[in-house]
Amino acid sequence: MQKIAYIVMAMVVGAVTFQSIDRAYAASLVPLPPGVTADGIAALNTPYLLGQQGDIYLCIVSTTRQITNIHLIDPDNIFHNYTGSLSLPITLPSGGNKCLHLQASDFGLTSGFNKTGDWAVLVDTVPGKTFMYEFTVTFMVVPESIIGAITAVTAPLAALTGYRILRQRKF
């Protein structure tokens with residue numbers, strides 16, 4: 001019985017320490033990631049889960065560019081216009097070692113990505129260049145609380161323990 005208690009305790013500690021901490025960012029200029037040597041746009045840590053904010057970066061290193069339009073396109077081809085804290089046009093200087101960091105809330109999606117499927121980010125700049133990046137949003141079942149996860153793990157263990165105790169009893 002003591003071994004089972006240790007196993008359950010290890011699972012609970014693992015589940016609690018595994019929870020991620022959400023970062024609250026609005027559209028902002030951030031340092032250029034190491035190794036970036038060309039203009040581009042990327043969504044990091046994809047695929048995103050339904051309800052996540054995401055981390056989308058637009059980096060300019062070649063020439064000073066002014067961002068004139070930013071659109072987030074959902075799987076139903078609905079365009080979500082940029083409504084972030086930095087007002088358009090946004091200037092990214094060449095050699096400035098800065099990237100524009102965007103999340104779903106910068107497009108009016110305060111509760112994160114609201115549809116599963118293929119999404120796209122479309123960015124127009126002056127001098128004329130369009131950047132486009134596609135990424136996926138998937139669905140995953142997440143327990144409402146840690147109590148649900150603990151119950152799902154401990155119920156079968158308790159049933160097994162009860163069975164073993166009753167099996168060893170003599171009637």
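Begin by selecting Asn45, which is exposed because its relative accessibility is 63% and the threshold for that class is over 50%. Asn45 belongs to the loop between β2 and β3. The model is a predicted one, and in it the phi angle of Asn45 is near 60°, a positive value in a residue that is not glycine. Most residues other than glycine have a negative phi, and most peptide bonds are trans.

Select Asn77 next. Where does Asn77 lie? The residue is in the loop between β5 and β6. Asn77 also has a positive phi, of about 60°, without being a glycine. With a relative accessible area of 60%, Asn77 is exposed.

**Two cis peptide bonds**

Return to the loop between β2 and β3 and select Pro47, which lies there. The peptide bond leading from Thr46 to Pro47 is cis, with omega near 0°. Then move to Pro89, in the loop between β6 and β7. The bond that joins Leu88 and Pro89 is cis as well, and its omega is about -5°.

**The whole chain**

Now display the entire protein as a cartoon. Two helices and ten strands are present. Followed from the N terminus, the elements run α-β-β-β-β-β-β-β-β-β-β-α. Of the 171 residues, 29% count as buried. Among contacts with a separation of 6 or more, 69% are between residues 24 or more positions apart.

Colour the chain by pLDDT. The average for the protein is 77, and 77% of the residues score at least 70. Which element has the lowest confidence, and which the highest? Helix α1 (residues 2-18) is lowest, at a mean of 35, while strand β6 (residues 79-81) is highest, at 94. Over residues 1-25 the pLDDT stays under 50, and the model has 15 contacts beyond four places in sequence for this stretch.

**A sheet of four strands**

Select β1, β8, β4 and β2. These four strands form an open sheet in the order β1-β8-β4-β2, with antiparallel pairing. Its edge strands are β1 and β2, each of which pairs on one side only. From one strand to the next, the twist averages 30°. Strands of a sheet pair through backbone hydrogen bonds, either parallel or antiparallel.

Keep β4 selected and examine its partners. β4 pairs with β2 over five bridges, in the antiparallel sense. Ala42 has Tyr57 of β4 as its bridge partner, and Ala43 has Ile56 of β4. Toward β8, the antiparallel pairing of β4 comprises four bridges.

Why is β4 described as largely enclosed by the rest of the structure? The description applies because five of its five residues are buried. Show the side chains: Asp55, Tyr57 and Cys59 point one way from β4, whereas Ile56 and Leu58 point the other way.

**The disulfide**

Select Cys59 and Cys99. The structure holds one disulfide, and these two residues form it, with their sulfur atoms 1.9 Å apart. The link connects distant parts of the chain, from Cys59 in strand β4 (residues 55-59) to Cys99 in strand β8 (residues 98-102), 40 residues apart. The angle about the S-S bond is 110°, and the link is right-handed. Cys59 stands opposite Cys99 in β8. Are these cysteines buried or exposed? Cys59 counts as buried at 7% relative accessibility, and Cys99 counts as buried at 0%.

Val36 and Cys59 are 23 residues apart in sequence, and their C-alpha atoms are 8.0 Å apart in space. Val36 is partly exposed, with a relative accessible area of 27%.

**The nonpolar cores**

Finally, select Leu58 and Phe135. Within the largest nonpolar core, of 25 residues, these two touch the most other members. The elements giving two or more residues to this core are β2, β4, β5 (65-73), β7 (90-92), β8, β9 (117-126) and β10 (129-138). Another core lies apart from it and has five residues, including Val30, Leu32, Cys59 and Cys99. In soluble globular proteins, nonpolar side chains tend to be buried together.

Notes:
Residues numbered from 1 in each chain as written. Predicted model: local features only at pLDDT ≥ 70, side-chain atom pairs only at ≥ 80, totals over all residues. Heavy atoms only, no water. pLDDT = per-residue confidence, 0-100. Contact = heavy atoms within 4.5 Å. Buried < 20%, exposed > 50% of the residue type's maximum accessible area, 1.4 Å probe, protein only. Disulfide = S-S within 2.5 Å. Pairing = 2+ DSSP bridges. Axes fitted to C-alpha atoms, helices over the stretch in contact; angles between N-to-C directions. Core = buried A, V, L, I, M, F, W, Y, C linked by side-chain atoms within 4.5 Å.
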